[in-house]
Amino acid sequence: MKIAVCVKRVPDTETRIRIGGDGASIDEAGVKFIVNPYDEFAIEEALQRRDKAGGGEVVVVALGPDTAQETIRSALAMGADRGVLLKADRIPADALAVAKALAAELKDGGYDLVLCGKMAVDDYNHGVGPMVAELLGLPCVTAISKLELEGGKGVAEREIEGGVEVVEFALPAVLTAEKGLNTPRYPALKGIMAAKKKPVEIKPAALGEARMAVTSLGLPPDRKAGRIVGEGADAVPELVRLLRTEAKVL
Amino acid sequence: MANVLVVTEQRGGALRKTSHEVVWAARALADAMGGSVDALVLGATGVDAAGAKLGDVGADRVLVAEDASFDRYAPCGYAGTAAAVVTAGGYGAVLVAATAAGRDLAPRIAARLDAPLATDVTAVGFEGGKLTATRPVYAGKALQQVRFDAPLAVVSVRPNTFAPGKAAKAGAVSKVAAVAAARVVVREVKAAEQGKLDVAEASVVVSGGRGLKGPEHFALIENLAKALGGAAVGASRAVVDAGWRPHAEQVGQTGKTVSPQLYVAVGISGAIQHLAGMRTAKVIVAINKDKDAPIFQVADYGIVGDLFEIVPRLTDEIAKAKAG
């Protein structure tokens, strides 16, 4: 089974955001970067599917600057076979521009499955996976938390408000991963050593024209300082009174 | 002059609350753009009744696409129908709600129409002939302003952000062709527990964290939620990772971002990724034994102490207050 996984390098979720000098991006000084957490579910799923099929290849594709090679190496250390870096000075805010570059790379790859995270935790788009599917004319199920594949067909489950949708599709397909799909493995030392020798192809990203620009990035307004109503259960009546008469939310 | 198309969402033939919010958001945008608001309603035969009231929140026209396969969310059919309506002409923006279906649908429509997309926006505008939007990024740790350099853009609107008012527009209903297609088929929808609210859409959320010491104590959270009149139950990443609660309830950067009227955080210390997910709540109440917990820095009202004493008392007092 030949599987492509699209991954993105993002700031750690515990990062305290500072605005950069351009006023439109974050200050990356001292920021720890990680593999987008949702992409880790996609990588893990790809590895399990490859191994279950008794062979094949897991190809990790990332778009971004040279530093995105670290993200690819992390996936290779988990067990992916090779990587492709679509090099771009920066990742455009326009998800469709990114999706076009990924689709161009994946188009003639002969993949049975393309896996992505359901979204990146930095820009929160939820867009690239289904866009790639549309550009390639492939079936797509987003935010899946359960997957069954058999004989070229698949059934996936996705959480919706107040329930779960059970969705059928045929391969090849594009799927985006939600938390809960699996438990991503930690790379073993052996895997980390092996990853250094695995091939990573670097080529320029065939980005689409960016037609959505970030004009500014700011911090949200601080919340007005709150107060400690009191200590212990005796403070409850006063809290209820405040919620009723001051906050008016009861 | 450019019109705005809203792709609405129905369940069981009834429009969802978020669809009214998006039509209202579209109204203000269309007025700024000098255009009108068309609301697309997709469903099985008879779904036109669901769109009859959309004039009240600002729809000039209601376009109804009926197909047996549109009873449930049909990703390809909905996207194809919306794209066909837009291609017929006159539109400058397509708006959907950033729900589970809308997040799936918006990128598909954008790709089909070769239009840029902004997701989960909390404001839309029209400045100097260009569409603009505000969107929380890094789970709300920062706000991004974006500008579209295209004649058509697709935007998904965060639920609970726009409160619909009264617009008294015609909302004239007409039929449009349904483009049924099925690369993927929603075979079944397994419903969650009856009456269970989703944290992302609820107006009151009560969340529990590691301070509850074990999954069995979430009954305290559920009872408080019940006393508050059917609030949704949320959870911190720590308790979801520990397997105490399902991921659907997780609030924070790798869970859901919520903006309820009231958010009650019980036994949650307030990691950065959690605060990011709930800081836009109107009123935040925190109950925690550690007076230095970061959650108190964003809480409007806090009580320091043992949650096992405080929460039952709070549940009783709220039940009393609600009854009286």
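**View 1. Strand β12 of chain A pairs with strand β10 (residues 142-148) of chain B.** The pairing is antiparallel and spans six bridges; strands count as paired if DSSP finds at least two bridges between them. R147(B), in β10(B), is the bridge partner of A213(A). Strands (E, at least two residues) and helices (H or I, at least four) are DSSP runs numbered from the N terminus. The model is predicted: local features need pLDDT of at least 70, side-chain atom pairs count only at pLDDT 80 or more, and totals for chains, interfaces and linings use all residues. Residues are numbered from 1 along each chain as its sequence is written, and chains are lettered from A and ligands numbered from 1 in the order in which they are written.

**View 2. Chain A meets chain B.** The contact takes 67 residues from chain A and 71 residues from chain B (contact: C-beta atoms, placed from the backbone, within 7 Å). Elements of chain A giving two or more residues to this side include α3 (95-106), β8 (153-160), β12 (212-218) and α6. By class, the chain A side has 37 nonpolar, 14 polar and 16 charged residues. Nonpolar means Ala, Val, Leu, Ile, Met, Phe, Trp, Tyr, Cys and Pro; charged means Asp, Glu, Lys and Arg; the others, Gly among them, are polar.

**View 3. Helix α6 (residues 236-245) of chain A has buried residues.** V236(A), L239(A), V240(A) and L243(A) are buried (20 or more other C-beta atoms within 10 Å of the residue's own, all placed from the backbone). Seen down the axis of α6(A), the buried residues fall within an arc of 95°, so they line one face of the helix. The arc is that of the directions from the helix axis to the C-beta atoms. Their cover includes β13 (227-231) of chain A and, from chain B, β17 (283-288), β18 (301-304) and α8 (307-323).

Definitions and conventions. A residue is buried if 20 or more other C-beta atoms lie within 10 Å of its own, exposed if 12 or fewer, and partly exposed in between; C-beta atoms are placed from the backbone. Two residues are in contact if their C-beta atoms, placed from the backbone, lie within 7 Å.
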